[in-house]
Structure formats: structure tokens, C-alpha cells
Protein chains: 2
Amino acid sequence: MPELRFNLATRDWTIIATERAKRPEDFAGKPAAVSSDSAANCPFCPGRESKTPPEIYAVRDAGGWKVRVTENAFPALRPTGDPRRSKDAFGFEKMDGIGKHEVIIESPDHEAIIATMTQAQVDEIYLAYRQRFIELARDPRFESVILFKNHGRGAGTSLHHPHSQIVATPITPRTLRDRLGIAQDHFDETGNCLYCDLIKMEQAAKERVILETDNFIVFTLYAPRFPFETWILPKFHHSNFDTISVEQCRELALIMKKFLEKLYKAIKNPDFNYAIYSAPTKERDLEHFHWNIKLFPRITSMAGFEVGSGIPIVTVVPEAAAAYLKNA
Amino acid sequence: MPELRFNLATRDWTIIATERAKRPEDFAGKPAAVSSDSAANCPFCPGRESKTPPEIYAVRDAGGWKVRVTENAFPALRPTGDPRRSKDAFGFEKMDGIGKHEVIIESPDHEAIIATMTQAQVDEIYLAYRQRFIELARDPRFESVILFKNHGRGAGTSLHHPHSQIVATPITPRTLRDRLGIAQDHFDETGNCLYCDLIKMEQAAKERVILETDNFIVFTLYAPRFPFETWILPKFHHSNFDTISVEQCRELALIMKKFLEKLYKAIKNPDFNYAIYSAPTKERDLEHFHWNIKLFPRITSMAGFEVGSGIPIVTVVPEAAAAYLKNA
């Protein structure tokens with residue numbers, strides 16, 4: 001049973017992933033290359049469907065499945081257990097690691113990447129995101145849903161086959177709570193959504209905007225955490241990603257693919273993470289929060305200053321990054 | 001001139017390090033190995049003192065310098081500029097990157113590491129930490145001082161020669177402000193310092209304590225951010241590191257060396273960061289905050305879930321980690 005533990009000095013919860021737990025001595029020496037990089041024994045490749053947990057969702061045509069969702073074989077959280085917090089004899093607080101951890105296999109092709117897929121395939125991936133997000137957000141056991149993608153070894157991928165992941169948690173992450181508080185203060189002060197205001201500021205400034213469609217905007221961040229950090233925002237206001245319509249979702253898939261193509265060309269297929277940020281599942285139709293996607297290229301590593309202080313040091317000017325990506 | 005930019009959605013400041021700025025196209029492709037890994041052209045090796053900025057502090061004996069402090073040749077912040085915040089026409093806020101960024105060269109020996117140095121040498125390093133921290137904390141231009149060490153490529157080191165760094169910032173990092181707020185709430189509620197309470201809890205629980213001396217305690221964290229995350233705390237209450245006495249500083253050097261030896265043996269010289277956390281320089285003798293050192297082994301990488309949600313997934317149980325390190 002995975003465990004969630006509360007850090008009383010930071011008020012963050014940590015997942016102790018017992019399903020993937022290692023003995024301390026396993027960390028001695030550098031980790032070996034993961035064998036499943038090759039298609040020869042990849043559990044996500046067609047023909048090896050029995051190697052994954054049962055299928056939750058799939059899109060199929062005459063040629064077989066195009067996108068497939070299963071539970072993660074080594075889930076960080078599991079959908080059983082007691083949601084109550086408990087303290088040990090010394091005052092340390094924990095709870096069962098209740099949640100859901102699913103894998104969205106983005107293509108049957110082991111070597112496919114979104115930047116070079118057909119638009120129709122990317123549409124199916126994003127429609128799968130939508131469907132799974134809606135279902136998990138509806139589950140009363142979960143407080144928060146986060147959908148994310150790790151691309152490349154430097155971004156934390158352990159399996160090469162293209163996939164995204166979605167995790168439902170029984171707690172609201174402190175980071176999200178902090179962002180909600182900042183946005184709430186802004187709304188209380190100005191009467192506006194902070195993210196709607198940010199979009200207007202970026203549209204006026206122009207110099208960081210990379211792409212725009214009727215309903216979405218893509219820009220590099222004025223004060224980024226990572227070089228080339230890029231935010232993708234809906235221009236329409238809504239706090240919860242799971243309210244996105246099928247049509248909006250296709251438009252999102254279009255702009256994401258266009259952006260990822262530019263990134264692929266400009267920085268030569270960099271490692272990256274992206275994540276969809278949405279309000280807590282039971283806090284709906286918030287005036288002050290705005291769902292968003294953040295993309296973090298992982299081309300530099302966080303050193304002691306960043307990890308220690310939380311202040312990022314970024315060595316590329318965001319306006320130059322935007323111009324470079326725009327022209328790619 | 002480095003620049004500090006304010007992120008209005010996270011309320012973090014980011015350093016745009018113009019001194020180290022790269023063109024966007026420099027990020028295309030993987031970074032090449034840094035040439036100064038070898039002693040042959042290392043600017044920190046004896047005989048190449050002219051390759052570093054002027055010396056700020058040094059300890060010498062008949063054989064030459066033993067520890068040497070200079071400004072960073074590519075400082076993230078510089079001690080000149082205007083401390084006032086300004087907004088551009090669109091509302092984006094920034095200020096000059098005023099601060100100080102120094103390098104503490106820990107030994108003349110290019111290959112030395114604290115785990116295997118003499119205790120006398122480690123004492124000199126920690127006394128240099130103390131001296132530089134005191135001086136920077138006294139400078140009225142700076143609000144915060146952070147001292148940190150990057151050991152190994154995976155921890156962000158760009159120069160192999162053993163060194164630590166100290167950065168003085170003109171702002172209080174939001175992360176530190178958040179920790180101060182949590183500790184303040186705990187004090188208001190209980191009348192106790194949260195960290196003093198944590199020490200008592202860890203002493204009672206015993207199972208995460210690795211080392212203890214009269215004045216210091218070392219334990220793995222109950223809810224860590226990284227596998228084997230370890231905190232080193234003074235058992236005496238003080239909020240500001242720069243109040244440490246010479247005798248206490250020698251005792252700290254002793255316990256740090258003992259712990260780093262264990263880490264070196266147990267996990268075979270892992271990459272790590274450590275950082276000294278101290279209250280903002282002008283907030284002194286706080287009842288509710290307690291200076292501390294956090295050590296983060298960098299043996300796993302943060303993937304999209306951690307970066308996105310702020311919830312760490314840790315695959316080694318902290319009690320097992322403590323037992324393993326204790327016995328090393």
C-alpha cells in the first residue's frame with residue numbers, strides 16, 4: 001500500500017511509493033540503463049497488451065488500437081485504503097496512498113513522438129486526456145487530478161514508448177493551493193482572473209507570444225523556472241480542465257502539436273515535461289482560477305541554489321526564446 | 001546586469017543570468033562536457049589564482065592556501081544597481097539583479113572531497129562558511145543569504161574542483177517566506193519552535209536519527225523530497241546561522257564530515273546538494289524559526305509529476321535509509 005506522509009515544516013505531502021520501493025543498497029552506484037527502451041520487450045507495443053494492467057480506454061480502427069489507457073503497472077497511488085489521516089505515537093502524520101495512476105499510451109508506434117505524428121493521432125491523444133480527466137475528476141475519493149508527460153530520459157521517462165500519465169490524488173497539492181491563493185487575492189483585489197489579465201498583458205506586449213488560435217495562446221514565461229518554459233492557456237475563462245468541449249480539445253491538440261513541432265525543430269528534440277493544471281476537482285467554476293498547461297524543457301539541471309532557495313537561475317532571455325521558437 | 005523578474009502567478013522571483021546568458025540556439029543538442037573538469041586547466045587549482053576574480057578570504061599556511069574565497073567569475077547577481085522594483089508598460093515587474101555570489105574553494109587539491117579530507121581541512125571550510133555568512137548577512141543591501149554546495153554533475157556542478165557557493169539576494173525567496181509562515185503559525189498555536197519540536201519528535205522516534213552530538217542532530221526526513229533527504233539541525237535554538245560560534249562551527253564541521261563519510265560509503269559517492277537555511281538577514285533572534293541544513297542526494301530525477309504537482313514520489317523508505325546510513 002503506498003503511503004502519503006505529511007511534512008510538518010513544509011506542509012507538503014510526499015508519496016512513499018512502496019510499489020516501486022527499493023532497498024537503500026539499490027541506490028549504491030549509478031542506475032543502469034532501463035532495458036525496456038527497445039521495442040523488443042516494450043510492454044506498450046502492440047502484441048504485448050497482456051503485459052499491461054487491464055485496458056481502461058482505447059480508440060481502435062481496422063488496424064488495431066491507436067491510443068490506449070491502462071493503469072500504471074507500478075502505480076504511485078492505488079484506489080483502495082482509508083482516507084483518514086492518522087498520527088503515530090510521536091506525532092508524525094500519514095494516510096494511505098489512495099488515488100489512481102493511469103498511463104495513456106499515445107501511439108502503437110514505439111518511436112512516434114507528438115511533434116511528428118499526424119494531427120488526427122494527436123487529436124486522439126488529447127481526446128483521451130479529456131475523457132480520463134473527466135472520469136477521474138468525477139470520483140468523490142479524489143481531490144486533485146494532474147495530467148503530465150515526461151519526454152526523454154532527462155525528463156524522468158523510464159519507458160521510451162510515447163506515453164502520458166494521469167494521477168488522481170486524495171489531497172490538494174500545496175503548490176496548487178498556493179497558486180489558488182495568489183489568484184484569489186488577485187481576484188479580490190482587482191475583480192479579474194489573474195490568468196485572464198496575464199493573457200491580456202502578453203497579447204499587448206507581443207514579444208513572448210509564440211502561437212495563438214481563436215481559443216488558445218502559447219507564450220514563453222516572463223519569469224520562468226526553466227529556460228524556454230512555455231505556458232499554454234485557453235483564452236476563455238474556466239477553472240477546471242474537465243469542462244473542455246470536444247471541439248476546444250481538438251483546437252488544443254492542434255496548437256500543442258504546432259508548438260511541439262517548433263520545439264522539436266528549434267532545440268532538436270529536447271527532453272521536456274508538460275502538465276495540465278486544473279482547480280481541485282470539487283472546487284468548480286471558480287471565478288479566480290484558470291486551467292493551464294505548463295511546459296518545461298529539461299535542458300539544464302537544477303543545482304543547489306535552485307533546489308535550496310526556490311529561486312530559478314535562467315540563462316536564456318524569455319523574449320529571445322520566444323522569437324527563436326516562433327521562427328522555427 | 002543580471003535581472004530579477006517577478007512571476008505574478010507564483011510570486012517567485014527568477015534570476016535572468018545575463019552574465020551567463022546563452023543564445024537560444026546554443027541549447028540545440030545536448031550540452032558538451034565541460035572542459036575544466038580536468039586539473040590541467042582548472043581555475044581553482046593552485047598556481048592559477050589569477051584566473052579567478054580577486055580573493056575575498058583565504059586561510060594559508062607554509063604550504064600555501066588551504067581554503068580560498070573569491071567572487072564567482074560568472075555571478076548570478078552583482079553588488080551594483082538600483083534596488084527599486086519597476087514595471088514595464090504592460091505591467092511586468094522586475095528589478096536589477098543586486099546581490100553577491102561568491103565561491104568557497106574547499107581545498108587546493110582538485111580531487112579532494114569532504115568525505116575523505118582531514119577534519120582540520122573540513123573545519124577550515126566551515127569556518128570560511130561562517131565568516132562569509134556573517135559578512136554578507138551584515139550588508140544592508142541584502143535580504144537573504146543562502147550557502148550551498150553542488151557535488152557531482154547530477155547535482156549541477158560545472159567545475160569538478162571541490163567548492164561551495166554563497167549567494168546574497170535582495171529579496172526573500174518565497175519558499176523561505178512560506179517556511180517562516182508555517183513556523184510562525186506553529187509558534188502562535190503551540191508557543192514552541194516547530195524545529196525544536198521536530199527534534200524532540202525525532203529523538204523520541206529514534207528510527208530516523210543517524211548521528212547526534214551535544215549540539216547537533218542528523219536525521220532522514222519523515223516526508224522527504226528526495227530519497228535519503230537528510231536534515232542537520234542545531235539542538236540549540238537560533239534563527240540565524242551567522243550567530244554560530246567558532247566552537248559550534250567546529251562541531252558542525254565534525255558532524256557534517258561524519259555524515260558525508262557515511263553517505264560516501266553507503267551510496268558510493270553520490271551526487272548531492274546541501275544548503276544552509278537561515279532567517280532573512282534583517283529578521284533576527286526569531287522565536288519561531290531555526291536555522292538548518294538540508295542535504296539532497298540527487299540519485300533520481302524529478303519527472304513531470306513532481307515538477308508539476310510539487311508532490312515528491314520517493315522510492316526508499318526513510319527509516320530504511322536512516323538504518324542503512326547509520327550502519328555505513
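By what turn and what shift along the axis can chain B be laid on chain A? The figures below show a predicted model.

**Figure 1. Chain B laid on chain A.** A turn of 180 degrees does it, with a shift of 0.0 Å along the axis. The RMSD is 0.0 Å. The two copies are thus related as by a two-fold rotation axis. Both copies use the same surface: of the contact residues of chain B, 100% recur in chain A.

**Figure 2. The contact between chain A and chain B.** Chain B brings 78 residues to this contact, and chain A brings 78 residues. Look at the side of chain B that touches chain A. By class, 48 of its residues are nonpolar, 18 are polar and 12 are charged.

**Figure 3. A strand pair across the two chains.** Strand β2 of chain A covers residues 13-16. Its partner is strand β15 of chain B, residues 313-314. The two strands pair in the parallel sense, over 2 bridges. Find A:I15 here: B:I313 in β15(B) stands opposite.

**Figure 4. The two domains of chain A.** Domain 1 is made of residues 3-20 + 36-174. Domain 2 spans 186-326. Their C-alpha centres lie 22 Å apart. The contact takes 26 residues from domain 1 and 25 residues from domain 2.

**Figure 5. The side of domain 1 that touches domain 2 in chain A.** Two elements each give two or more residues to this side: α1 (119-138) and β8 (144-151). The largest share, 9 residues, comes from α1(A). By class, this side of domain 1 has 14 nonpolar, 7 polar and 5 charged residues.

Notes
Residues numbered from 1 in each chain as written. Chains lettered and ligands numbered in written order. Predicted model: local features only at pLDDT ≥ 70, side-chain atom pairs only at ≥ 80, totals over all residues. Contact = placed C-beta atoms within 7 Å. Nonpolar A, V, L, I, M, F, W, Y, C, P; charged D, E, K, R; others polar. Pairing = 2+ DSSP bridges. Helix = DSSP H or I, 4+ residues; strand = E, 2+ residues; numbered from the N terminus. Least-squares fit on C-alpha atoms with pLDDT ≥ 70 in both. Domains from an automatic or database assignment.
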